[in-house]
Amino acid sequence: MLQFINPLLHKVIQSISPCVLCGIDRQQHHSLCRDCWQQLPWSKSMVQRQEIDIQVACHYDYPIDRIIQKFKYEQHLHFQNLLAGALLQLRLPKIQAIVPMPISNERLVERGYNQSLVLAKMMAKALNIPIWQPITRLQQHSQKGLSRLERIDNIEQQFQINSTSKLRYRRVLILDDVVTTGSSIYALKQKLEELGCQKIYAACVASAEI
Ligand SMILES: [Zn+2]
């Protein structure tokens, strides 16, 4: 509904709306009041997983962990503004397109949306670059009980280059909500390399300890 209201009016409504976390103070930074924004578990640093450098905005701690869970599993899509806002605090490299982490059709049906694509759309708009989705994800099986190598093998088999995909961008950014082991980012990166991408960066809202 809000997107049909003109942008100025939307800004006015936002400026008088209360913070989506504390519900008390006025919104100042991406749907949050100044205090709630400052108290997010900021990381704004690089973590390494599977020998890939991944830029992360926050640590996967309270309240960002709860916010991501609600955004991902409980349709609290209004948190997209805050989560994309956190990602935009990162010093991102020069890229030509954003590649959101794909999810399988089964997950899509279950959830109703791809949470990484929702964030990628906001980022793409803010950075004025396109979204690129050349890879499809097949059914995701549970990773529980698998060794590191089995897990990587299992995940790699899930990613497939779309038959119509051609190399269109050489410098891209993989975007995901949370990084834990990094094996899905690793698998997606392999496929993008197969397509001919030369610089593949990655960014996530939060990193969880393994
Ligand atoms: Zn607040």
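A: Pro93 sits in the loop between helix 4 and strand 3 (97-100); helices (H or I, at least four residues) and strands (E, at least two) are DSSP runs numbered from the N terminus. The model is predicted, so local features need pLDDT of at least 70 and side-chain atom pairs pLDDT 80 or more, while totals for chains, interfaces and linings use all residues. Residues are numbered from 1 along each chain as its sequence is written, and side-chain values use heavy atoms, without hydrogens or water.

Pro93 is partly exposed, at 23% relative accessibility. The scale runs from buried (under 20% relative accessible area) through partly exposed to exposed (over 50%), with a 1.4 Å probe and protein chains only. Beyond its neighbours within four places in sequence, Pro93 is in contact with Gln55 and Tyr201 (heavy atoms within 4.5 Å). Pro93 and Asn114 are 21 residues apart in sequence; their C-alpha atoms are 24 Å apart.

Helix 4 spans residues 80-87, and seven of its eight residues are buried. They are Asn81, Leu82, Leu83, Ala84, Gly85, Ala86 and Leu87.

Now the salt bridges. Each is a side-chain nitrogen of Lys or Arg within 4 Å of a carboxyl oxygen of Asp or Glu. The count is four. Lys72 and Asp177 form one of them, at 3.0 Å, N to O. Lys72 belongs to helix 3 (residues 64-73) and Asp177 to strand 6 (residues 171-179), so this pair ties together parts 105 residues apart in sequence. Both Lys72 and Asp177 are buried.

Glu74 pairs with Lys70, with closest N and O atoms 3.4 Å apart. Glu74 is partly exposed at 40%. Lys70 is also partly exposed, at 28%.

Lys191 and Glu194 make another salt bridge, at 3.4 Å, N to O. Both lie in helix 8 (residues 183-195), three residues apart, about one turn of the helix. Residues three or four places apart point the same way, because an α-helix has 3.6 residues a turn. Lys191 is buried, at 17%. Glu194 is exposed, at 56%.

Last, the zinc ion. Its donors are the SG atoms of Cys19, Cys22, Cys33 and Cys36, at 2.3 to 2.4 Å. They follow the spacing C-x2-C-x10-C-x2-C along the chain. Donor angles of 103 to 117° make the site tetrahedral (four donors, all angles between 85 and 135 degrees). Cys19 is buried at 2%, whereas Cys22 is partly exposed at 31%. Donors are N, O and S atoms within 2.8 Å of the metal (3.2 Å for Na, K and Ca); water is not among the atoms, so sites may look incomplete.

Technical notes. Tetrahedral: all angles 85-135°; square planar, octahedral: opposite > 155°, others 65-115°.
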